[in-house]
Amino acid sequence: MMKLRKITHYPRLFLWAFYLESAETTRMLRTFLREGRGRLIVSSRSKNPTAEEMHEAIEQLKDLPRFLPFFVIIIMPLPGVTEGYALVAVTLEKLLGHKVRVLPSQFRRIIQEEQQKARN
């Protein structure tokens with residue numbers, strides 16, 4: 001039973017990361033829509049996004065090109081391609097540090113949390 005739990009641990013984490021990325025993308029779209037609506041309809045009632053919300057939305061927009069390879073690979077799964085891409089992305093980020101960001105933010109956060117658990 002423990003072996004099965006280990007086998008399903010990382011796929012469940014990656015599914016959770018996909019869910020969180022989709023939630024962040026939805027929040028980004030809503031922020032940009034509020035910003036656009038506020039510019040088109042000049043009204044005191046319009047709820048323009050704050051500077052912090054715009055910063056988060058722009059960061060998520062930068063995250064989309066990092067997320068698209070994972071999305072395409074999931075839609076057209078070929079044996080070993082997803083794992084290979086993830087392995088290359090993780091290896092590049094470990095070797096190059098913060099110079100290169102290949103993984104989407106939620107994937108990077110999950111991997112960092114797992115590394116912290118392994119160290120402790």
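**Exercise 1. Classify Arg34 as buried, partly exposed or exposed, then find its salt-bridge partner.**

Step 1. Arg34 has a relative accessible area of 22% and is therefore partly exposed; the classes are buried under 20%, exposed over 50% and partly exposed in between, with a 1.4 Å probe and protein chains only. A word on the model: it is predicted, so local features need pLDDT of at least 70 and side-chain atom pairs count only at pLDDT 80 or more, while totals for chains, interfaces and linings use all residues. Residues are numbered from 1 along each chain as its sequence is written, and side-chain values use heavy atoms, with hydrogens and water left out.

Step 2. The partner of Arg34 is Glu53, at 2.8 Å from N to O. A salt bridge here is a side-chain nitrogen of Lys or Arg within 4 Å of a carboxyl oxygen of Asp or Glu.

Step 3. Now place the two ends: Arg34 belongs to helix α1 and Glu53 to helix α2 (residues 51–75), so the pair ties together parts that are 19 residues apart in sequence. Helices are DSSP runs of H or I with at least four residues, strands are runs of E with at least two, and both are numbered from the N terminus. Glu53 is partly exposed too, at 29% relative accessibility.

**Exercise 2. Work out what surrounds Thr31.**

Step 1. Thr31 sits in helix α1 and is buried, at 6% relative accessibility.

Step 2. Its side chain reaches the backbone oxygen of Arg27 at 2.9 Å.

Step 3. Setting aside neighbours within four places in sequence, Thr31 is in contact (heavy atoms within 4.5 Å) with Pro49, Glu53, Met54 and Ala57. Glu53 is also the residue that bridges to Arg34.

**Exercise 3. Find the aromatic pair and decide how its rings are arranged.**

Step 1. The count comes to one pair. Rings of Phe, Tyr and Trp (its six-membered ring) pair if their centres lie within 6.5 Å; planes under 30 degrees apart are stacked, over 60 edge-to-face, and the rest tilted.

Step 2. Trp16 and Tyr19 are stacked, 5.3 Å centre to centre with 25° between the planes.

Step 3. Both are in helix α1 (residues 2–40), three residues and about one helical turn apart. Trp16 is partly exposed at 46%.

**Exercise 4. List the largest nonpolar core and the elements that build it.**

Step 1. A nonpolar core is a set of buried Ala, Val, Leu, Ile, Met, Phe, Trp, Tyr and Cys residues joined through side-chain atoms within 4.5 Å.

Step 2. The largest has ten residues: Leu13, Ala17, Phe18, Phe67, Ala89, Val102, Leu103, Phe107, Ile110 and Ile111. The elements giving two or more of them are α1 and α4 (105–119).

Step 3. Beyond its neighbours within four places in sequence, Ile111 is in contact with Val90 and Leu103.

How values were computed
Polar contact = N/O pair within 3.5 Å; in protein donor to acceptor, adjacent residues only side chain to side chain.
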